[in-house]
Amino acid sequence: MSKRRVTYYYDPDVGSYTYGLSHPMKPQRMRITHELLTAYDMLPKMHVLRAKRASAETMTRFHTDEYVHFLSKVTPENAQQLTYQGSRFLVGEDNPAFDGVFEFCSISAGGSVAAANRLMNGQTDIAINWAGGLHHAKKREASGFCYINDIVLAILEMLRTVPRVLYIDIDCHHGDGVEEAFYTTNRVMTCSFHKFGEYFPGTGTLEDRGRGKGRGYALNVPLKDGVTDEAYKSVFQPVIDKILEVFQPSAVVLQCGADSLSGDKLGCLNLTMQGHASCVQYMRTKNIPLLLLGGGGYTVKNVARTWTYETACALNIEDQIDLNLPWNEYFEWFGPRYRLEVPASNMDDMNGRHGYLDRIRETALRYLSELRPAPSVGLQDVPRESVGEHLGIGDAYEQGPLDELDDTLAQHAKFVYNLQEQIAPSDSESEYDSDTSLARMHARSGSRRPRGGKKRMSLLTGECFDVPRLEEGGNGYYDLGCGHEPWSPSDLPALGTRRHFFQGAARWESALNKVTVERERAGIRNGRMDLGLLMAAAAEQERSSEPGDEMDIDTEEDG
């Protein structure tokens, strides 16, 4: 087998976060995995990189501005207020607002996006980010211990370069967040092997096949309790072979959720470490750019064992490592056997009864046979620079060198800003401190009311609950002035105006009949004052503020 270039992404801070002492999700498992990789001396055999953390703007390539803004603000202290008593964004007990949740999400998403980008640039053949794989996160809300869907962000990055991407999910739970994101497109095929039947998230039947152009490009293989290595391989390999034949993907994303292992605290399958890793070995033989991500897995020592072994599979050295664990910082955790293994249990395999697994495999292969040949995508040159860079619109300080006038204006702006802070009302005055203010905001919403949303299932308790939603339309999912904004009025612009989460420096100047940036509007060009520009802008501002142009606006008090 040919030697493959492997890149491994790891951020040392990822193991410092905690969902809570009693919560089954433990980010520390990534740190333990890294310790085992170090102990097995695998790091020198691959490129080890620390990715740039994902920014809020990067996250909004998939998630809504309101949700990302919420994650950047939420803390354990203000979670009840910002989620409206647990009815928005973080619904149920699965996703607590722990300290550093936004930073944790930025590490996870940043690693997956960087790995996808490195794959597409041809700098590596296999990229690994065990901190990623959070496949339940939705566009507007967290779900199943997942806040930001790094998988969707990584696939979107890939689609900028390649026409088709295959997503494979071997987590015990259905990859509903990724499937939902690409449910109507034929450029991404999602294939999920998962437990189904009174089990979180309650989706992923054989009949869930996509919609519109995406009809047939979502494939689900629902399994029953106790599936073994042999049974899993008997359905995994023929289904994947058929997908590769029909879909012909340019890249593959493999989510290696470890809760499908035997003995997992929240799983109910019966795969051994070797059975789980056989999926990685199989995909490695296909010589397609491969992105390996983490996911579920709640028996921490088994998760670390399996991801360590699968890293060895990516390096093609799984036959060379000693299954007796070398000494490491967490050596005592792996007692009493201290071996790199996850054995099967004696639970019954419910998939072999009445030919269930054979019917599932035959149906899945029949659905794939009905697909048309690989969909074509129009090819065009990928821009090497952003639109802003191409138009010469960027940061005001990048337009030219700073001079004395720039420094003077900056000092003046800082003085005005500090003066405004001094006269602004205190935080306590700006919070929702009375029922009157809430009633006023609800009154402005008119006839808009929340409506019942989809049923959601809790991963922890298995109970179902409604996620309230607002009527669609208007300015977004949570419209301004509707009375359901999960933040204080001081964080928002004036009611009745559209909120811009990311504001550019470019503006249209009607007096000049052109687009200008911040420095040009101030009359500055290449570090020098342009008096003509400044006078034209001032004249336009004066005309716009004339009394004849003003409009009378009725207020509630006029009523």
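Start by selecting Cys 279, which is buried, with a relative accessible area of 1%; buried means under 20% relative accessible area, exposed over 50% and partly exposed in between, with a 1.4 Å probe and protein chains only. Before moving on, note that this is a predicted model, where local features need pLDDT of at least 70, side-chain atom pairs count only at pLDDT 80 or more, and totals for chains, interfaces and linings use all residues. Residues are numbered from 1 along each chain as its sequence is written, and side-chain values use heavy atoms, with hydrogens and water left out.

**Cysteines**

The structure holds 0 disulfides, a disulfide being a pair of cysteine sulfur atoms within 2.5 Å. Cys 279 is in no disulfide, and its nearest cysteine sulfur, that of Cys 256, is 7.8 Å away.

**Aromatic rings**

Next, show the side chains of Phe, Tyr and Trp. Rings of these residues (for Trp, the six-membered ring) pair if their centres lie within 6.5 Å; planes under 30 degrees apart count as stacked, over 60 as edge-to-face and the rest as tilted. By this rule there are 19 aromatic pairs.

Select Tyr 19 and Tyr 147. They form a tilted pair, 5.9 Å centre to centre with 55° between the planes. This pair links distant parts of the chain, 128 residues apart: Tyr 19 is in the loop between strand S1 (6-9) and helix H1 (28-39), and Tyr 147 is in the loop between strand S3 (126-129) and helix H6 (150-159). Helices (H or I, at least four residues) and strands (E, at least two) are DSSP runs, numbered from the N terminus. Tyr 19 is buried at 5% relative accessibility, and Tyr 147 is buried at 0%.

Jump to Trp 130 and Trp 307 for a stacked pair, with 5.1 Å between centres and 5° between the planes. Here too distant parts of the chain are linked, 177 residues apart: Trp 130 sits in the loop between S3 and H6, and Trp 307 in helix H10 (residues 300-315). Both Trp 130 and Trp 307 are buried.

Then select Tyr 17, Tyr 19, Phe 98, Phe 104 and Tyr 147 together; ring pairs link them into a cluster.

**Charges over rings**

A charge sits over a ring if NZ of Lys or CZ of Arg is within 6 Å of the ring centre and within 35 degrees of the ring normal. Select Arg 209 and Tyr 367: the charged end of Arg 209 sits over the Tyr 367 ring, 3.8 Å from its centre. With Lys 224 and Tyr 356 selected, you will find Lys 224 over the face of the ring, at 4.4 Å from the ring centre.

**Pocket and cavities**

Select Arg 61, Val 113, Asn 117, Glu 157 and Arg 160. Of the 17 residues that line the largest pocket, these are the closest to its centre. A pocket is an open set of points on a 1 Å grid over the protein atoms alone, with protein on both sides within 12 Å along at least five of seven lines; a cavity is a set where a 1.4 Å probe fits but cannot get out, and lining residues have an atom within 4 Å of a point. The largest pocket has a volume of about 590 Å³. Helix H5 (101-120) gives the largest share of its lining, 5 residues.

There are also 6 cavities of 30 Å³ or more, and the largest cavity holds about 130 Å³ of space. To find that cavity, select Tyr 9, Tyr 10, Asp 11, Asn 129 and Ala 131, the closest to its centre of the 17 lining residues. H5 gives the most to this lining, with 3 residues.

**Backbone stops**

Select Phe 200 and Pro 201: the peptide bond between them is cis, with omega near 0°. Pro 201 is in the loop between strand S5 (188-195) and strand S6 (218-223). Another cis peptide bond runs from Gly 335 to Pro 336, with omega near 5°.

Finish with Phe 89, which has a positive phi of about 70° although it is not a glycine. Phe 89 is buried at 1% relative accessibility.

Notes
Grid points are joined across faces, edges and corners, and a volume is the space filled by probe spheres set on the points.
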